[in-house]
Amino acid sequence: SINDEKRTVDLTWSTGATVRRGGFFTDPYDEQLDMDPKSIRLERLNRGAPLLNTHSQWDLGNVLGVVERAWVDGKEGKATVRFSNRDDVAPIWNDVKSGIIRNVSVGYRVHNYKDVSDPNAKFKTYRATDWEPFEISLVPIPADAGSQVRSDGLAKNDVEIETRIEKLGGQMEIKEQPEQKPVDVEAIRKEA
């Protein structure tokens with residue numbers, strides 16, 4: 001899908017594969033990204049989101065290009081990205097063309113998780129049923145074998161988690177959990 005004249009290439013940025021998250025200040029959990037187009041807010045990607053070097057968002061020099069178009073086919077998130085003409089981007093563009101750099105990741109924010117955990121599983125499983133990708137990155141190490149790597153993103157936000165609880169008679173009910181208070185990292189460090 002390389003177009004050398006336009007400096008574009010088509011990418012797969014998510015397959016929705018289950019990825020283990022958490023584990024330092026939170027319990028580990030498995031995360032799934034719902035790939036139903038109704039679950040994904042694509043506006044930011046389609047308004048010229050950046051193509052970044054390994055999720056580095058603190059310097060304009062890390063912008064390798066731009067997302068020209070993003071879409072979801074119900075199974076995978078895909079995009080056409082265009083690389084910058086800058087001299088410092090040329091080696092990365094050449095490695096992409098040569099098949100050396102292949103791994104892709106998406107930075108995103110989750111607005112709603114649904115608890116889809118198996119009651120017998122060791123870890124909870126949360127499916128992101130309302131989420132918003134805001135950048136695509138080229139990265140060295142993949143987590144999702146189909147799209148390569150995904151990122152939690154660096155910005156924190158409130159997220160709603162729907163959980164399933166058993167009712168008498170064996171019927172299931174969806175119940176919203178109350179908002180979680182942010183973790184006071186400094187207090188935890190002082191206590192340790």
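A residue counts as buried under 20% relative accessible area, as exposed over 50%, and as partly exposed in between. By that rule Glu68, at 39%, is partly exposed. The model discussed here is predicted.

The chain contains 3 helices and 10 strands. Read from the N terminus, the order of elements is β-β-β-α-β-β-β-α-β-β-β-β-α. Of its 192 residues, 37% are buried. Among contacts with a separation of 6 or more, 65% join residues 24 or more positions apart.

Because 5 of its 7 residues are buried, S1 is largely enclosed by the rest of the structure. S1 pairs with strand S6 (residues 77–83) in the antiparallel sense, over 6 bridges. In this pairing Thr8 stands opposite Arg82 of S6.

Arg82 also forms a salt bridge with Glu68, the closest N and O atoms being 2.9 Å apart. This pair links strand S6, which holds Arg82, to strand S5, which holds Glu68, across 14 residues of the chain. Arg82 has a relative accessible area of 38%, so it is partly exposed, and Glu68 falls in the partly exposed class as well, at 39%.

The buried residues of H2 are Ile92, Trp93 and Val96. Seen down the helix axis, these buried residues fall within an arc of 100°, so they line one face of H2. In an α-helix there are 3.6 residues a turn, so residues three or four places apart point the same way. The cover over the buried residues of H2 includes S1, S4 (50–53), S5 (63–72), S6 and S8 (124–138). Just after H2, Gly99 has a positive phi of about 80°.

The structure holds 9 salt bridges. One of them joins Asp4 to Lys97, with 3.0 Å between the closest N and O atoms. Asp4 lies in the segment before S1 and Lys97 in H2, 93 residues apart. Asp4 is partly exposed at 45% relative accessibility, and Lys97 is partly exposed at 34%.

Another salt bridge is formed by Asp130 and Arg41, whose closest N and O atoms are 2.8 Å apart. Asp130 belongs to strand S8, whereas Arg41 sits in the loop between strand S3 (29–33) and helix H1 (43–46), 89 residues away. Asp130 is partly exposed at 22%, as is Arg41 at 32%. Finally, Asp73, Glu76 and Lys78 are linked in a network of salt bridges.

Note on methods
Residues numbered from 1 in each chain as written. Predicted model: local features only at pLDDT ≥ 70, side-chain atom pairs only at ≥ 80, totals over all residues. Heavy atoms only, no water. Helix = DSSP H or I, 4+ residues; strand = E, 2+ residues; numbered from the N terminus. Buried < 20%, exposed > 50% of the residue type's maximum accessible area, 1.4 Å probe, protein only. Contact = heavy atoms within 4.5 Å. Pairing = 2+ DSSP bridges. Arc of directions from axis to C-beta. Salt bridge = Lys/Arg side-chain N within 4 Å of Asp/Glu carboxyl O.
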